[in-house]
Amino acid sequence: MSKRIQKILNRLQLVHLTKGLSDESARALRVNATFQTIMFLIPTFLLPVIYFTEPPETHLISFASYIIFVLPLGYSRYLLYKGNYAMSAVFALLASNFHITILSLSQADDPAPLGFLLFAVIPFLMIPRQNIKLRWLFVSVSAFLFLSSQYYYRVMGGEGIFGPPKWVVPADYLMPPLVLLVVFFILLINQFVKAVNRAEDKLIAEHQKSESLLLNVLPLEVARELKQNGVSKPKHYPSATVCFTDFEGFTKIAETLSPSELVEELDRCFSYFDSLMERHKLEKLKTIGDSYMFVGGIPKTNSTHAIDSVLAALEIQAFMNQMKEIKTAQGLPYWELRLGIHSGELIAGVIGDKKFAYDVWSDTVNTASRCESSGMTGKINISSSTYEHIKDFFLCEYRGEIPAKHKGNIKMYFVEGLLPELQREGHPQVPNQEFVNRYKALKITT
């Protein structure tokens, strides 16, 4: 039964329209929808009571004001469905203030003016803070109407359409405490809403930080699955490309650097590598000391993973060559890099239940590691499997069958660069339009 009631409440509050909205905007929408529903139901239920209990001369004004009230209220509801939340609140508040004004003018002793007091605080919840001028306009108008109605009837003894008030008091007795009450009430609600907004802003900021940290550890798709389901199932990839890099002579040079200098040098290199991962749609998996590992073709499968990986490797190679030139000119020691690449099937998934890690497993990973260790300093060493994927894009030198630890002999190639016909004129390391065309055709045909 409670679930059924909750579903009804969700429908009345238009909860399904709040998806994708900020907490504040979603709350404003729900409050607006609830306000519209209540403001429609109360006078609707009172119509029979008015008809049977009120004098006949009041019926025309009551029913006419009801019709004039319901029409803009309905339009306000329509604007919510159209996504125009601020204007929806405007029409709802205008219609409600108008309706209460008619009721107040009709009966001097009608409790309707208390509605103005409600309308003086509800804009804080119905109108988001980006429309703060609009919010304070309706707060001020409603507060003014409330105080004016009290002054007109209770101090001046003014008559309503259907008669004068039953009691009147001096202005200095009624108005000062009434004004203070209204101001205090408005300021109190305003401070409460501001406190809620500040708390939400802090929560949003912290949530964004945690999201950013999570995405630094896990791919976006995996992070979403983990948040939604609590687990991320391992996934098999029929074809992916794994690359390992390793600094030559790292230990020897590291001994000449202070800890801070060592970390700074590694950070400079790995930060640049990270930027390449994003540009070429590759997935950085881990760094282990001076080793950097990345994979192409996960978590989203694609047909260009080997080409993307080699393009990134060439840029890494160019970066390290540039660093070598700078360090040599300064008479400083420099690092050189070996890169090994292999393509094949693998399994990827999340391990750990507290400190998550996205990792890959298969013989492909082991072979890629052997390609790196069997390579040469400053060279990009690839297996025959990767070569078959990239041979129409890159110039490669066949090395023969190279012995690899625990793998026997593996056919290996050195990547020399782009094929001559795929180089931009005057810039041999930059792909030309023909490269782009072949790349796009590969994505379409596979």
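Helix 8 gives the most to a nonpolar surface patch, with three residues. The patch consists of Ile132, Trp136, Val179, Val183 and Leu187, and together they have about 390 Å² of accessible area. Helix 7 (132-155) and helix 8 (171-217) each supply at least two of its residues.

This is a predicted model, in which local features need pLDDT of at least 70, side-chain atom pairs count only at pLDDT 80 or more, and totals for chains, interfaces and linings use all residues. Residues are numbered from 1 along each chain as its sequence is written, and side-chain values use heavy atoms, with hydrogens and water left out.

Some terms for the patch follow. Patch residues have over 30% relative accessible area and no salt bridge; like charges are joined within 9 Å, nonpolar side chains (Val, Leu, Ile, Met, Phe, Trp, Tyr) within 5 Å. A salt bridge puts a side-chain nitrogen of Lys or Arg within 4 Å of a carboxyl oxygen of Asp or Glu. Areas come from the Shrake-Rupley method with a 1.4 Å probe; for residues, only the protein chains shown count as cover. Helices (H or I, at least four residues) and strands (E, at least two) are DSSP runs, numbered from the N terminus.

Ile132 belongs to helix 7. Ile132 is partly exposed, because its relative accessibility is 43%. Buried means under 20% relative accessible area, exposed over 50%, and partly exposed in between (1.4 Å probe, protein chains only).

Now the rings. The whole structure holds 19 aromatic pairs. Rings of Phe, Tyr and Trp (its six-membered ring) pair if their centres lie within 6.5 Å; planes under 30 degrees apart are stacked, over 60 edge-to-face, the rest tilted.

| Pair | Centre to centre | Between planes | Type |
|---|---|---|---|
| Phe247 and Trp335 | 5.0 Å | 45° | tilted |
| Tyr272 and Phe319 | 4.3 Å | 15° | stacked |

Phe247 lies in strand 1 (residues 235-248) and Trp335 in the loop between helix 12 (305-329) and strand 4 (336-351), so this pair ties together parts 88 residues apart in sequence. Both Phe247 and Trp335 are buried.

Tyr272 is in helix 11 (residues 259-279) and Phe319 in helix 12, so their pair joins parts 47 residues apart in sequence. Tyr272 is partly exposed, at 24% relative accessible area. Phe319 is buried, at 12%. Ring pairs link Phe247, Phe270, Tyr272, Phe273, Tyr292, Phe294, Phe319 and Trp335 into a cluster.

Charges also sit over rings (NZ of Lys or CZ of Arg within 6 Å of the ring centre and within 35 degrees of the ring normal). Arg154 has its charged end over the ring of Trp167, 4.2 Å from the centre.
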